[in-house]
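Here are a few exercises to work through with the model open in your viewer. Try each task before you read its solution.

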Amino acid sequence: MDNYQIQTAQNVTINQNLANLGERCLAYFIDYLILVAYGILTYLLLSYIGIGFDYMWAYMAVIGLPVFLYHLLLETFNNGQSLGKMAANIKVVKLDGSAPRFSDFLIRWLLRIIDFSLTSGGLAIFCFLLNKKGQRLGDMAAKTTVISERKRVSAQQLIYSKVPDTHEVKYPEVSLLNDKQMQEIGRIFRTAEVNMQDQVLEALSKKTAQLMGVTPNESPSIFLAQVLKDYQYFTQG
């Protein structure tokens, strides 16, 4: 599986695993089966209660509209995941790792017509195979991609990529922390940065400063980024 590097606003390099073609196809077929099953069951239910095709508006409202809006609504309100993506453990994210906005999901959804409906998925596969960021046409337009949460990055990647030898250490007190503590700090920091959880970053910053016995004068994100870089500088070979 290919890795995709995300550069956050604090110059933190985060490695994400791109969803491979097999995972995305699996999610697509699971969603397809769910929609087919939903259509059949609701059709049988409407027929059972005596609503025939004379009431076409009922079929459109109960079957057509949910199927039509399925991907847009699920991905918007379910953290970038349709039911198929949940089963395949993949999700839609922005290229910078942040959560997509409704407009991003809308662009992806609108271009499904070209990616899937008009080309039977051929264009989506073609774009995916040629694009190094795991994007179909809708992803390229929305500046999104699909990542896999199945495989986690290594403990070293959770902290930092290699820092230059010219790096200036600001918090030598970071040497008071051990590998396990720094891996946990790196893991929480990575997740909070990607999901823009400011309260988590603030709490993590206070706890880290307390463990080190320092009083930072930067924002939580900048402080934590500096601490992680300082630690990486001390421990890299």
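This is a predicted model: local features need pLDDT of at least 70, side-chain atom pairs count only at pLDDT 80 or more; totals for chains, interfaces and linings use all residues.

**Exercise 1.** Find what the side chain of Asn 20 does at the start of helix H1, then check the length of H1.

*Solution.* One of its side-chain oxygens comes to within 3.1 Å of the backbone nitrogen of Gly 22. Next, the length: H1 covers residues 21-48, so its 28 residues at 1.5 Å each should span 40 Å. The C-alpha atoms at its ends are 40 Å apart, so the two values agree. Now look just past the helix, where Gly 50 adopts a positive phi of about 90°. Finally, pick out the buried residues of H1; among them are Ala 27, Leu 35 and Leu 46, but also Glu 23, Arg 24 and Asp 31.

**Exercise 2.** Decide whether Gln 81 is buried or exposed, and list what it touches.

*Solution.* First locate Gln 81: it sits in the loop between helix H2 (56-77) and helix H3 (83-88). Its relative accessibility is 10%, and the cut-off for buried is under 20%, so Gln 81 counts as buried. Then skip the neighbours within four places in sequence; the contacts left are Leu 74, Glu 75, Met 86, Ile 90, Lys 91 and Glu 149.

**Exercise 3.** Work out which faces of strand E3 are covered and which strand pairs with E3.

*Solution.* Take one side: Ile 90, Val 92 and Lys 94 are buried. As for pairing, five bridges link E3 to the antiparallel strand E4 (residues 144-148), with Val 93 partnered by Thr 145.

Conventions: Residues are numbered from 1 along each chain as its sequence is written. Side-chain values use heavy atoms; hydrogens and water are left out. Buried means under 20% relative accessible area, exposed over 50%, partly exposed in between (1.4 Å probe, protein chains only). Helices (H or I, at least four residues) and strands (E, at least two) are DSSP runs, numbered from the N terminus. Two strands pair if DSSP finds at least two bridges between them. The expected span of a helix is 1.5 Å times one less than its number of residues. A polar contact is a pair of N or O atoms within 3.5 Å; within protein, one must be able to donate a hydrogen and the other to accept it, and residues adjacent in sequence count only if both atoms are side-chain atoms. Contact means heavy atoms within 4.5 Å.
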